[in-house]
Amino acid sequence: MIKETSLVHLSTGARYMLLSALGFALMTACVKSAADRGIPVLEIVAFRAVISLVLSYLDIKRKRLSVWGNNKPLLIARGTVGALTLICVYYAVSTLSLAEATVLQYTYPAFTALIALWFLKERIQIATVLCIGMSIVGVIAMMQPNLRDGLLTSTPPLSILAALIGALGSALAYVMVRQLSRTDDSSVIIFYFPLIAFPVSVVLLGDSFVTPSLEELALLILVGIFTQVGQIGLTKAMAAEQAGKVTAYAYVQVVFSAILGWSIFSEVPTVWTIAGGVLIISGALLNTLCKR
């Protein structure tokens, strides 16, 4: 008798993590769609920041907290890093395939380990060393020339650099949040991100603003909504179970992104993209599972 498997058999934490992965994958698809329609990346960041700012502010008021927090210097630093990271990630999403951009984002565990070693003096496990090595080899593999439509082409180096800077920024933000969680509520920490991201993106955008059509405006609003879905799913998953038990499900976002890229943008991963992606995700999973 074949045992039936479905979402019903997954734990609550795992289901929330899958919801988070789907939310973030849909968010990147909306970002890419908006960028393909001519909306500047910085404008997309600004719209995302406005939506997040309103939702975060309402959440803080619901909890009856001060919006300014306690550790203001580190909160400002976290918001600044988050803003620059988001710009790099959205640029990578707009110029790479969804699968490539998502896979490169998952090099952040390697960066996190190195930052934690430097700033927090944490020891690096053997699994983490393997994760770092596999991430490096995976990135090199993804940079190899591929045969597309009979022509030998390479993945844009600037796009890969932006994705890696985004992953580094995510790692820095993660370490900062770990420090901030000792002094400030999570809602306040989240609030500082759009609080800084909005003015930064508006200043950098300058006079390049493009008035969106109704369809493009809907996409920009969906970017904020799907981001919130992803964040809520992630928070609920961490609250339902220990992080180590559900984190591995987050990597399903790569599968969701590949499906969305193929179905919406006709993106077919190349051999080198698959090879590099397998190395990066395997290294990240190895690091996650061994820490359990």
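Ser20 lies in helix α1. Helices here are DSSP runs of H or I with at least four residues, strands are runs of E with at least two, and both are numbered from the N terminus. The model is predicted: local features need pLDDT of at least 70, side-chain atom pairs count only at pLDDT 80 or more, and totals for chains, interfaces and linings use all residues. Residues are numbered from 1 along each chain as its sequence is written, and side-chain values use heavy atoms, with hydrogens and water left out.

Stay with Ser20. Its relative accessibility is 2%, so Ser20 counts as buried. Buried means under 20% relative accessible area, exposed means over 50%, and partly exposed falls in between (1.4 Å probe, protein chains only). Which residues does Ser20 touch, not counting those up to four places away in sequence? They are Val229, Gly230, Gly233 and Leu234. A contact here means heavy atoms within 4.5 Å. Ser20 and Gly233 are 213 residues apart along the chain, yet their C-alpha atoms are separated by 4.4 Å.

Now take the helix itself. Helix α1 covers residues 12–36, which is 25 residues. The expected span is 1.5 Å times one less than the number of residues. That gives 36 Å, and the end C-alpha atoms are 36 Å apart, so the two agree. After α1 comes Gly38, with a positive phi near 100°.

Step back to the whole protein. It has twelve helices and two strands. Along the sequence the pattern reads α-α-α-α-α-α-β-β-α-α-α-α-α-α. Take contacts between residues at least 6 apart in sequence: 88% of them join residues at least 24 apart. Of the 292 residues, 46% are buried.

What lies inside? A nonpolar core is a set of buried Ala, Val, Leu, Ile, Met, Phe, Trp, Tyr and Cys residues joined through side-chain atoms within 4.5 Å. The largest such core has 47 residues. Those with the most contacts inside it include Val31, Tyr90, Tyr106 and Ile280. Helix α1 gives the most to this core, with eight residues. Apart from it lies another core, of eight residues, among them Ile60, Val67, Leu180 and Ile189.

Finally, look at the cysteines. Cys30 is buried, with a relative accessible area of 8%. Cys88 also counts as buried, at 17% relative accessibility. How many disulfides are there? A disulfide is a pair of cysteine sulfur atoms within 2.5 Å. By this rule the count is zero.
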